[in-house]
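Hi,

Here is the structure I promised to pass on. Have a look first, and my notes follow below.

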Amino acid sequence: MTKLLVVATGNPGKLREMQAYLADAGWELTLKPENLDVEETGETFAENACLKASEIAKVTGNWAIADDSGLAVNALNGSPGVYSARYGNSDTERITRLLTELGDEKNRQAKFVCAIAVANPQGEIIIQSEGICHGEILFAPSGDGGFGYDPVFYVPEKQLTFAQMTTDLKKSISHRGNALKALVPQLKKVLGAKHSDD
């Protein structure tokens, strides 16, 4: 028996990515209702993830999962951070703004951070996890896969940007991948507990 888990996103790409990780956790994932938007007023990725999971769970009456992720660049004091998605109106605009703000800066160190929260139908946060992937920002985009800042986020040990990686490789090392891996055993445990209550 599977249990429904509403994903607090309108982005089908993000839904597919989550489904790939959680395929064997026993949950059926579905996108949140289109007209349901939660304002991200938190100051950290974790606060935003909890806010979204809790609201979506209460409104839909289902278990809900939300993530908040973004890029933190050392030379920009951690920006764009929680404003990563709001740094421009499109991926191209966001990347252009990031590269403009970095300019000729030699320190290109950056990290992608992903915080995930799962709420029960009452809106209580039951599980939280966080994943981080360290890398650096290139001077120009490279690769045509992925989305967001993927074309400029370079992972030195793989000598590839996220946008140049195969889906499986990105999945195995990405911030979202790390956060979801930590989540799977906890989700399975919740599902097991649910079954014994049924």
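Which residue in S7 does Val 155 stand opposite? Leu 160 is the one facing Val 155 there. This is a predicted model, where local features need pLDDT of at least 70, side-chain atom pairs count only at pLDDT 80 or more, and totals for chains, interfaces and linings use all residues. Residues are numbered from 1 along each chain as its sequence is written, and side-chain values use heavy atoms, with hydrogens and water left out.

On terms: helices (H or I, at least four residues) and strands (E, at least two) are DSSP runs, numbered from the N terminus, and two strands pair if DSSP finds at least two bridges between them.

Now the sheet. It is open, has seven strands in the order S2-S1-S3-S4-S5-S6-S7, and its pairing is mixed. Strand S2 (27-31) and strand S7 (160-161) are the edges, each pairing on one side only. S7 is held to strand S6 (residues 153-155) by two bridges, and the two run antiparallel.

At the other end, S1 and S2 are parallel, with five bridges, and Leu 5 has Leu 29 in S2 as its bridge partner. Between S1 and S2 the chain passes through helix H1 (residues 12-22) in a right-handed β-α-β crossover (clockwise from the first strand over the helix to the second, with the strands pointing away from the viewer). S1 also pairs with S3, again in the parallel sense, over three bridges; Val 7 sits opposite Ile 65 in S3.

Cheers
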